[in-house]
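Here is a short tour of one chain, written to be read with the model open beside it. Take a moment to find your way around, and then we can start with a pairing.

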Amino acid sequence: MNFENLKRTDKVAYDLIMAEMNRQETSLDIIPSECLASVSVIEALWSPFTNKYSEWYAKKRYYWGNEVVDKVETLAIERAKIAFPGVAHVNVQAYSGSPANMAIYNALCNVWDTILWLALSQGGHLTHGHSVSATSKFFNAVQYWLKEDWFIDLEEVEKLAIEHKPKVIVVGFTAYSREFPFDEFSKIAKKVWAYLMADISHISGLVISGVHTSPAPFCDVIMTTTHKTLKGPRGALIMVTEKWLEFDSELSKKIDKSIFPGLQGWPHNHQTLAIAVALWETQTEKYRQLNRQIVINAKKLASELSTYWFDVATNWTDNHLVLAWVGKWRWEFMQKALDKAWITLNKNTIPNDEWTAFFPSGIRMWTPILSHRWMKEPQVIKLASWMNEIKEIISEFNYKETREERKIQKKEFREFISNNSRIKEIRLEVKEMCEQFPIYK
Ligand SMILES: Cc1ncc(COP(=O)(O)O)c(C=O)c1O
């Protein structure tokens, strides 16, 4: 990628881009939900469409001069319908996943209607009714949980649905490594006459590529972010399925009105174009192959980590995600030590965690970025072995009971990981492996 103009006009900004590209090139990033947009998507993002104001929708604009922008929006919508068969209406204007979710709830519910979501601590998203999210301020949030075995408790979902008669049931998660059971949820939603909404932000690429069941035959409304496995720019798609339009022909209008003028203003047209480009790229064999590899790599990571005695949730994964229990405060040590070797992952609550999202007992990993670099099983095996080595190196550091002890320990730990020669070696090995699988070159 060429940033020559910026290099001349604003060297500070240019240097930041170079530093970030170097960080991405030489680190092993397994943080959900980060992914890699293609160079074409990034080119579309820096297009002059960013200059154009175009409130409302194609052919119904409040401003003039939108004949080209209309074509961009229509193109993105058409491509989304091709990528997701069974979808009848698409809104491509949501700025990102959180506003898109809010727009759907706003379209389907009145204030204080009940919505049934998976709790955040169990793998749901903040916008699925968590107490700190506006979604729980405006709607009555009833939350379902996972069973002891870390699978969704469908009996409990049904019981809660019958008891609370929700207006909407949400199926879709941010930290759930098994197949999303759309069919089972649709049977429950039918029983209580609730809308069924799928949030497939994490798995949309897998759905497009046929490596995960599509929600389209089962759900009424589908939301996906466009920057995760869809490999696009930051943004979101709100889709109304053919299934639902048979019952409520007004639903598409409600969704569109909820986005604009309900919640947003001017659509980000450069982002819409980049979404169209990303959707186009999903229609290739290369993309399908990539998504197959994402799942193969995740399964390999789960099985390798299990052999090293990491406590992997459900002992397996069906998708792109691996969750593991590492124990009270261990994530803090793991995350920091791995980061020294430039292996980046994130802390996460694990199902039935006794700790909060700020101090959870688990780590969450995913494989889209390494798969995008065409790293395969041998590289995943290497990654798991580095993780194990680092786990062993820091094994003497355990959670201390008092704040004072922890303060001292933190300092000792920082010094320990900065000076440990094996961690330094692993850093070089990680860099060497990454250089064999370049992103931007
Ligand atoms: C399942 C799910 N829904 C919604 C969102 C929100 O998306 P955004 O970060 O674009 O607001 C996320 C983001 O991580 C997510 O994982």
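Which residue in β12 does Asp311 stand opposite? Asp311 faces Trp325, and the sheet that holds this pair is described below.

## Before you start

This is a predicted model, in which local features need pLDDT of at least 70, side-chain atom pairs count only at pLDDT 80 or more, and totals for chains, interfaces and linings use all residues. Residues are numbered from 1 along each chain as its sequence is written. Helices (H or I, at least four residues) and strands (E, at least two) are DSSP runs, numbered from the N terminus.

## The four-stranded sheet

Strands β11, β12, β15 and β14 form an open sheet in the order β11-β12-β15-β14, with antiparallel pairing. Two strands count as paired if DSSP finds at least two bridges between them. At the edges are β11 (311–312) and β14 (346–348), each pairing on one side only. Helix α13 (residues 285–307) packs on this sheet and touches β11, β12 and β15, and its direction makes about 20° with that of β12. Contact here means C-beta atoms, placed from the backbone, within 7 Å. Axes are lines fitted to C-alpha atoms, for helices over the stretch in contact, and angles run from 0 to 180 degrees between N-to-C directions.

Within the sheet, two bridges join β11 to β12, while five bridges link β12 (residues 321–325) to β15 (residues 362–366). Strand β12 is mostly covered, with four of its five residues buried. A residue is buried if 20 or more other C-beta atoms lie within 10 Å of its own, exposed if 12 or fewer, and partly exposed in between, with C-beta atoms placed from the backbone.

In the loop between β11 and β12 you will find Thr314. Its phi is near 55°, a positive value in a residue other than glycine. Thr314 is partly exposed, because 16 other C-beta atoms lie within 10 Å.

## Around the ligand

The ligand has 14 residues around it, and Ser96, Gly97, Ser98, Thr174 and Ser201 come nearest. A residue is near a molecule or strand if its C-beta atom, placed from the backbone, lies within 6 Å of it. Helix α5 (residues 97–108) gives the largest share of the shell, three residues.

What classes make up the shell around the ligand? There are 12 polar residues, one nonpolar and one charged. Ala, Val, Leu, Ile, Met, Phe, Trp, Tyr, Cys and Pro count as nonpolar, Asp, Glu, Lys and Arg as charged, and the others, Gly among them, as polar.

## Two cis peptide bonds

The bond from Pro32 to Ser33 is cis, with omega near 10°, and Ser33 sits in the loop between β1 (28–29) and α3 (39–45). The bond from Phe260 to Pro261 is also cis, with omega near 10°. Pro261 lies in helix α11 (residues 251–263).

Note on methods. Contact = placed C-beta atoms within 7 Å.
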